[in-house]
Amino acid sequence: MSLCENCVRGVTHEATPSGTWEEINGVNCYIATPSSEYPKEKVLLLLSDLFGPQLVNTQLLGDGFAANGFKTIIPDYFNGDGAPADALSSGSTFDRMEWLKRHGPENTRPPLDKVVQGLKAKGVTSFGILGYCFGGRYAFDLAFDGVPKVVMVAHPAMLKSPEDLEMYFTKSSAPLLINSCTDDALFPHEAQAKADEIFEGKFAPGYKREYWKDVSHGFASRGDVTIPVVKAAKEGAFKSSVEWMKEYL
């Protein structure tokens, strides 16, 4: 597994989150709840980048989905060991590869399974999965196991192309939306084209790939919204994700 330099690049977004924190089956989670009535049996699981739910950007994403009518759960699947917010600064000494050694599948997947089990015990029957960067790997893994009803990944990390794409096609029945971009070492143009080749017009549950030009890996969660093209891409990816979830969840 590997992470690129852009996995720890971006800016901290400025707003006040409105969600709460709660343990679900022993796992700390950020919970964003719609202010109006919503279907209690449906939940979005937002799988964050390596900063985890403690980063305000991730919390604000969850709040945004809640504002569109979806109860959104952001599990701390790093058990409090997400990358620190100051890793975004240019002078940071944060070692992403050393961090990755502590967060392989054997450490990261179990908390997700516990959250899914805990939510099912509370009556949740339909899961939408949102995987950003690092979370894209686990969005696919959960899809392989038949957990989600629908999936969106944005600039996913640690996917093997074409192996994981082919496995998704074969094993999953969840409609798949990919928010891709121009500059992405972890999901480059070759992988994007391969996804289209495998899924487009062939994947019965539903497939769509958005392509956001002139932006980089991380734009959908950590993009600098003072730059017009980045702001438009971030907002566009969010809008497409909301529409995808509304259509299929």
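This short talk walks through one predicted model, from its sheet to its helices and salt bridges.

First, the ground rules. Residues count from 1 along each chain as its sequence is written. Because the model is predicted, local features need pLDDT of at least 70 and side-chain atom pairs count only at pLDDT 80 or more, while totals for chains, interfaces and linings use all residues; side-chain values use heavy atoms, with hydrogens and water left out.

Start with the record. An unreviewed UniProt entry annotates residues 28-249 as "domain: Dienelactone hydrolase". Helices (H or I, at least four residues) and strands (E, at least two) are DSSP runs, numbered from the N terminus.

Now the sheet. In what order do the eight strands lie? The order is S1-S2-S4-S3-S5-S6-S7-S8, in an open sheet with mixed pairing. Two strands pair if DSSP finds at least two bridges between them. At the edges sit S1 (20-24) and S8 (207-216), each pairing on one side only. From one strand to the next, the twist averages 25 degrees.

Look at one pair. S3 and S4 (residues 72-75) run parallel, joined by two bridges. Leu44 has Thr72 in S4 as its bridge partner.

Helices pack on this sheet. H3 (residues 105-121) touches S1, S2 (27-32), S3, S4 and S5 (126-132). Contact here means heavy atoms within 4.5 Å. The direction of H3 makes about 170 degrees with that of S3. H8 (residues 228-248) also packs on the sheet, touching S3, S5, S6 (150-154), S7 (176-183) and S8. The direction of H8 makes about 170 degrees with that of S8. For these angles, axes are lines fitted to C-alpha atoms, for helices over the stretch in contact, and values run from 0 to 180 degrees between N-to-C directions.

Next, H5 (residues 163-171). Which residues of H5 are buried? Asp164, Leu165 and Tyr168 are. Seen down the axis, the buried residues fall within an arc of 105 degrees, so they line one face of H5. That arc is taken from the directions from the helix axis to the C-beta atoms. Buried means under 20% relative accessible area, exposed over 50%, partly exposed in between (1.4 Å probe, protein chains only). The cover over these buried residues includes H4, S6, S7 and H6 (189-199).

Finally, salt bridges. The count is 14, taking a side-chain nitrogen of Lys or Arg within 4 Å of a carboxyl oxygen of Asp or Glu.

One of them joins Asp49 and Arg222, at 2.6 Å from N to O. This pair links distant parts of the chain, 173 residues apart. Asp49 is in the loop between S3 (42-47) and H1 (56-67), and Arg222 is in H7 (residues 219-222). Asp49 is buried at 1% relative accessible area. Arg222 is buried too, also at 1%.

Another sits within H2 (residues 96-101). Glu98 and Lys101 are three residues apart there, about one turn. Their closest N and O atoms are 3.2 Å apart. Glu98 is partly exposed at 38%, and Lys101 is exposed at 61%.

In H4 (residues 134-144), Arg137 and Asp141 are four residues apart, about one helical turn. Their salt bridge has its closest N and O atoms 2.8 Å apart. Arg137 is buried at 11%, and Asp141 is buried at 17%. Elsewhere, shared partners join Arg109, Asp113 and Asp145 into one salt-bridge network.

Definitions and conventions: UniProt positions are given in the numbering used here, feature names are shortened, and annotations may be inferred rather than shown by experiment.
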